[in-house]
Amino acid sequence: MSKDERMPSESEWLVMEVLWESSVPLTSIEVIKRVQRSRKMSAKTVRVLMNRLYKKEIIDYTIDKKDARIYHYFTVKSKEECLREKSRKFVDSYFSGNPANALAALLQSGPLTDEQIEELEAILEQSRGSERQ
């Protein structure tokens, strides 16, 4: 499986959000209920998404010590790691791998508040500092 195929799809991202928000591993029933709070989705669909995520090695599970029929799911990849991979793929696909062009396009897509501009300036300054090292 290529690196691109191991990224969560848009639907799989919903399952990932539930798992990332939890401080403890969740059973499939718990994941299903939490996904269904925000999206109308069948239990079977959520289970299929979880199985795909497992095959992509993005989530894993442990088997309950008291009941071998119960699995406890947790993330293997952090949200930040998945966001970096998705961002890289986006830049490669639409901006020929040039992050400056991607950033310029996003910045030109709508107005920014002074606070957002300050936040971006801090990120750029941090990037400049890491480039020198």
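Contact, the criterion for packing in these legends, means heavy atoms within 4.5 Å. The views show a predicted model.

**Figure 1. The nonpolar core of the predicted model.** The largest nonpolar core contains 19 residues. Val15, Leu19, Val31, Val35, Val46, Met50 and Ile59 have the most contacts inside this core. At least two core residues are supplied by each of helix H1 (10-21), helix H2 (28-38) and helix H3 (43-55). H1 provides the largest share, 6 residues.

Figure 2. Val15 lies in H1 and counts as buried because its relative accessibility is 0%, and buried means under 20%. Leaving aside residues up to four places away in sequence, Val15 touches Val31, Val35, Val46, Leu49, Met50 and Leu53. Val15 and Val46 stand 31 residues apart in sequence, yet their C-alpha atoms are 7.4 Å apart in space.

**Figure 3. Surroundings of Val31.** With residues up to four places away in sequence again not counted, the contacts of Val31 are Val15, Val18, Leu19, Leu26, Val46 and Met50. Val31 is also among the residues with the most contacts inside the largest nonpolar core.

**Figure 4. The crossing of helices H2 and H3.** Two packed helices are described by the angle between their axes and the distance between the axes. The axes of H2 and H3 come within 10 Å and cross at roughly 115°. Since angles of 65 to 115 degrees count as roughly perpendicular, H2 and H3 are therefore roughly perpendicular to each other. Their crossing is right-handed. From H2, the residues Ser28, Ile29, Val31, Ile32, Val35 and Gln36 meet Ala43, Val46, Arg47 and Met50 of H3.

Figure 5. Helix H4 comprises 16 residues (residues 79-94). At 1.5 Å a residue, H4 should span 22 Å, and its end C-alpha atoms are 22 Å apart, which agrees. Cys82, Glu85 and Val91 are the buried residues of H4. The buried residues of H4 pack against H1 and helix H5 (99-107). Just after H4, Ser96 adopts a positive phi of about 50°.

**Figure 6. Position of Ser11 in helix H1.** Ser11 is located in H1. A distance of 10.0 Å separates the C-alpha atoms of Ser11 and Met41, which are 30 residues apart along the chain.

Conventions
Residues are numbered from 1 along each chain as its sequence is written. This is a predicted model: local features need pLDDT of at least 70, side-chain atom pairs count only at pLDDT 80 or more; totals for chains, interfaces and linings use all residues. Side-chain values use heavy atoms; hydrogens and water are left out. A nonpolar core is a set of buried Ala, Val, Leu, Ile, Met, Phe, Trp, Tyr and Cys residues joined through side-chain atoms within 4.5 Å. Buried means under 20% relative accessible area, exposed over 50%, partly exposed in between (1.4 Å probe, protein chains only). Helices (H or I, at least four residues) and strands (E, at least two) are DSSP runs, numbered from the N terminus. The expected span of a helix is 1.5 Å times one less than its number of residues. Axes are lines fitted to C-alpha atoms, for helices over the stretch in contact, and angles run from 0 to 180 degrees between N-to-C directions. Angles under 35 degrees count as roughly parallel, over 145 as roughly antiparallel, 65 to 115 as roughly perpendicular and the rest as oblique. A crossing is left-handed if the near helix is turned anticlockwise from the far one by less than a right angle, and right-handed if clockwise.
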